Amino acid sequence: MMKMRTVEITVGAFMIAGIASLLMLALQVSGLNNFFREEPGYKVKAEFANIGSLKVKAKVSLGGVAVGRVVQIALEPQTFNAEVWMSIDPKRVENLPIDTRASILTAGLLGDNYISLTPGFSETEFLKEGDVIPMGSTDSAVILEQLISKFLAGQASSNKNP
Amino acid sequence: MLLVRRVHALGRVGVLFLGDMGKAVLCLCHALIGKPDWINGFKRLVNQLYFVGVLSLVIIVLSALFIGMVLGLQGYTILVKFGAEHALGQLIALSLVRELGPVVGALLFAGRAGSAVTAEIALMKSTEQLSAMEMMGIDPLRRVIAPRFWAGQISMPVLALIFNCVAVMGGYIVGVDWLGVDSGAFWANMQSAVDFQDDIVNGIIKSVVFGTVIMWIAVFQGIECVPTSEGIGRATTRTVVYSSLAILGLDFFLTAVMFGVT
């Protein structure tokens, strides 16, 4: 009888260890507590001519501080512009002026693309759920290959007629 | 004539293989489907959880610790060349949670628990304990196989979770305490890279699949063994070989489905 009791206790401890590891993986490794905090955010749409290799879940930052994430990327069928929906955490930044600029930048030379917001100057109107940052106040991604080919083409033409 | 003989041999192998697969499915269905016996079944399950799960804990924890430490050391020596040693946490956590935890855990589990289950059942068969049970009106499949199968199924994901945890700790010990990576950067990079749904839940799904496959192979090889001492040895070897191959092969497909297409 004693034997069965020790077996049951060790099996119970084993199960508790498993659940504890799941908790540790969820909270410490995947940072699930950040996940819960991030859900309530207001969605803002931005239109870009070219988004480069921006992906869903990419960082949205303001002055280098992460304030939200890209939640959806789609193509506008009439104008063929890229529409990027981003969710912005109201706890990090609540009142973004309506004339805020959005630019797609690259983290380092080889890093991922992310969206950088530059706040505008309006003091009365602010971006709220469903608002749009129009084409006029966004900067598309800089594609390295295009830059290089432009540069090379420029060099070639300058070599031809000095 | 030679060609006909070749085709004949091939067909024979195919028919035997299909027959074995069918027998394995029938054996499992027979063992698992039916009226559950809650009280006695639970007692037997707890007993098997002890033998299959708790006794595998030592090898799992020790290997996890060393694998995590090696990952930390190796990852650091490579990342430091690019000045990216702060991404060490991300490297360790992603490779562990997605691949190494479930796969290495399952390989160790197949070697430790799968082989033990096969040897046990095969010896029961060789000494005609299974036939004796049948004579007494007890169904040996439900009595012997079902608790072992469920125990393996339950303990595999638990062991994989413990493996992941201990290995991350091992990586932390080497990376942060020994090699001096910043602790905050270690955890922050890890948390921003690892997604609960995509990485951890998929890792758990993987280990459940591996647990099922290992235990299925183990009990079937035990039941189907040739009842001699040589047969027991062969059945045990086959369990380890087949389940290792099945784990690695299935892992490729699961990874392709889960993480392959972005």
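B:Ser115 is tucked away from the surface: its relative accessible area is 12%, so it counts as buried, the cut-off being under 20%. Keep in mind that this is a predicted model. You'll find B:Ser115 in helix H4 of chain B, which covers residues 88–126. Who touches it? Once neighbours within four places in sequence are set aside, the contacts of B:Ser115 are B:Ala110, B:Thr236, B:Thr239 and B:Val240.

**A hole inside**

How many cavities of 30 Å³ or more does a search of the whole structure find? It turns up 1. The largest cavity holds about 60 Å³ of space. In chain B, helix H4, helix H6 (140–178) and helix H8 (196–223) are the elements that each give two or more residues to its lining. Chain A takes part in the lining too, through A:Leu25, and the residues from chain B include B:Val97, B:Pro102, B:Leu161, B:Asn164 and B:Ile204. What sort of residues are these, by class? The lining has 8 nonpolar and 3 polar residues, and no charged ones.

**Where the chains meet**

Now for the contact between the two chains. Chain B brings 29 residues to it and chain A brings 23. Together they bury an area of about 2,200 Å², and carbon and sulfur atoms give 79% of that. Which three residues supply more than any other three of the area that chain B buries against chain A? They are B:Cys165, B:Gln191 and B:Phe196, with 24% of that area.

**A look at chain A**

Chain A has 3 helices and 8 strands. Of the 162 residues in chain A, 34% are buried. Among contacts in chain A with a separation of 6 or more, 63% are between residues 24 or more positions apart.

| Surface | Area | Carbon and sulfur part |
|---|---|---|
| Accessible surface of chain A | about 10,000 Å² | 62% |
| Area buried between chain B and chain A | about 2,200 Å² | 79% |

Terms used: Residues are numbered from 1 along each chain as its sequence is written. Chains are lettered from A and ligands numbered from 1 in the order in which they are written. This is a predicted model: local features need pLDDT of at least 70, side-chain atom pairs count only at pLDDT 80 or more; totals for chains, interfaces and linings use all residues. Side-chain values use heavy atoms; hydrogens and water are left out. Helices (H or I, at least four residues) and strands (E, at least two) are DSSP runs, numbered from the N terminus. Buried means under 20% relative accessible area, exposed over 50%, partly exposed in between (1.4 Å probe, protein chains only). Contact means heavy atoms within 4.5 Å. Accessible areas come from the Shrake-Rupley method with a 1.4 Å probe; for residues, only the protein chains shown count as cover. On a 1 Å grid over the protein atoms alone, a cavity is a set of points where a 1.4 Å probe fits but cannot get out, and a pocket is an open set with protein on both sides within 12 Å along at least five of seven lines; lining residues have an atom within 4 Å of a point. Grid points are joined across faces, edges and corners, and a volume is the space filled by probe spheres set on the points. Ala, Val, Leu, Ile, Met, Phe, Trp, Tyr, Cys and Pro count as nonpolar, Asp, Glu, Lys and Arg as charged, and the others, Gly among them, as polar. Buried area is the accessible area (1.4 Å probe) that two parts lose on being put together, summed over both.
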